[in-house]
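Hi there,

Here is the structure I promised to pass on. Please have a look at it first, and then read my notes below.

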Amino acid sequence: MRPRLLCIVVAASLCLFSTVLSSQSSKPSAPRPITLDEFMNTTAITDAKISPDGSAVVIATENPDWKASVFRHDLWLWTKQDGLKPL
């Protein structure tokens, strides 16, 4: 009885192992890591406020301007009709 049970367990393990291997090979590749340049040049959303009636949002952003050696701070207005516009 034991050798038969052992054979069943080994066969089931091999089936599961081959299924796991085939599913891992068909997965899409992992996204590449972000570079330091990409990280340092990102625009950060520093604040966002929704209007009392919920029809608009003001968004504050900060992004680097390396040539001028400053960080630019901008305000944007989003509405459903017009989308995103700088203020």
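This is a predicted model: local features need pLDDT of at least 70, side-chain atom pairs count only at pLDDT 80 or more; totals for chains, interfaces and linings use all residues.

Residues are numbered from 1 along each chain as its sequence is written, and side-chain values use heavy atoms, with hydrogens and water left out.

Let me begin with the sheet. Four strands make up an open, antiparallel sheet, in the order S1-S2-S3-S4. S1 and S4 (83-86) are at its edges with a single partner strand each, so one side of each has no neighbour in the sheet. On average, neighbouring strands are turned by 25° against each other, direction ignored; the axes here are lines fitted to C-alpha atoms (for helices over the stretch in contact), with angles from 0 to 180 degrees between N-to-C directions. Strands (E, at least two residues) and helices (H or I, at least four) are DSSP runs numbered from the N terminus, and two strands pair if DSSP finds at least two bridges between them.

Going through the pairings, S1 (residues 44-50) runs antiparallel to S2 over six bridges, with Asp47 opposite Ala60 in S2. These two strands form a hairpin with five residues between them, and Gly54 in the turn has a positive phi of about 80°. S2 then pairs with S3 (residues 70-79) over ten bridges, again in the antiparallel sense; here Ala60 has Leu75 as its bridge partner in S3. S3 and S4 share four antiparallel bridges, and a hairpin of three residues joins them. In that last pairing, Leu77 stands opposite Lys85.

Within S2 (residues 56-65), have a look at Thr61. Thr61 is buried, at 9% relative accessible area (buried means under 20%, exposed over 50%, partly exposed in between, with a 1.4 Å probe and protein chains only). Its side chain makes a polar contact of 3.1 Å with that of Trp76. Such a contact is a pair of N or O atoms within 3.5 Å; within protein, one must be able to donate a hydrogen and the other to accept it, and residues adjacent in sequence count only if both atoms are side-chain atoms. Leaving out residues up to four places away in sequence, Thr61 touches several others, including Thr43, Ile45, His73 and Asp74, where contact means heavy atoms within 4.5 Å.

Leu75, by comparison, is partly exposed at 44%. Leu75 and Leu87 are twelve residues apart in sequence, with their C-alpha atoms 5.5 Å apart.

Now for the charged side chains. There are two salt bridges, each a side-chain nitrogen of Lys or Arg within 4 Å of a carboxyl oxygen of Asp or Glu. One links Asp65 and Arg72 at 2.7 Å between the closest N and O atoms; Asp65 is partly exposed at 21%, and Arg72 is partly exposed at 39%. Another joins Glu38 and Arg32, with 2.7 Å from N to O. Glu38 is partly exposed at 31%, whereas Arg32 is exposed at 58%.

Lastly, the structure has one aromatic pair. The ring centres of Trp66 and Phe71 are 6.1 Å apart and the planes are at 65°, so the pair is edge-to-face. The rule takes rings of Phe, Tyr and Trp (its six-membered ring) with centres within 6.5 Å, and calls planes under 30 degrees apart stacked, over 60 edge-to-face and the rest tilted.

Best wishes
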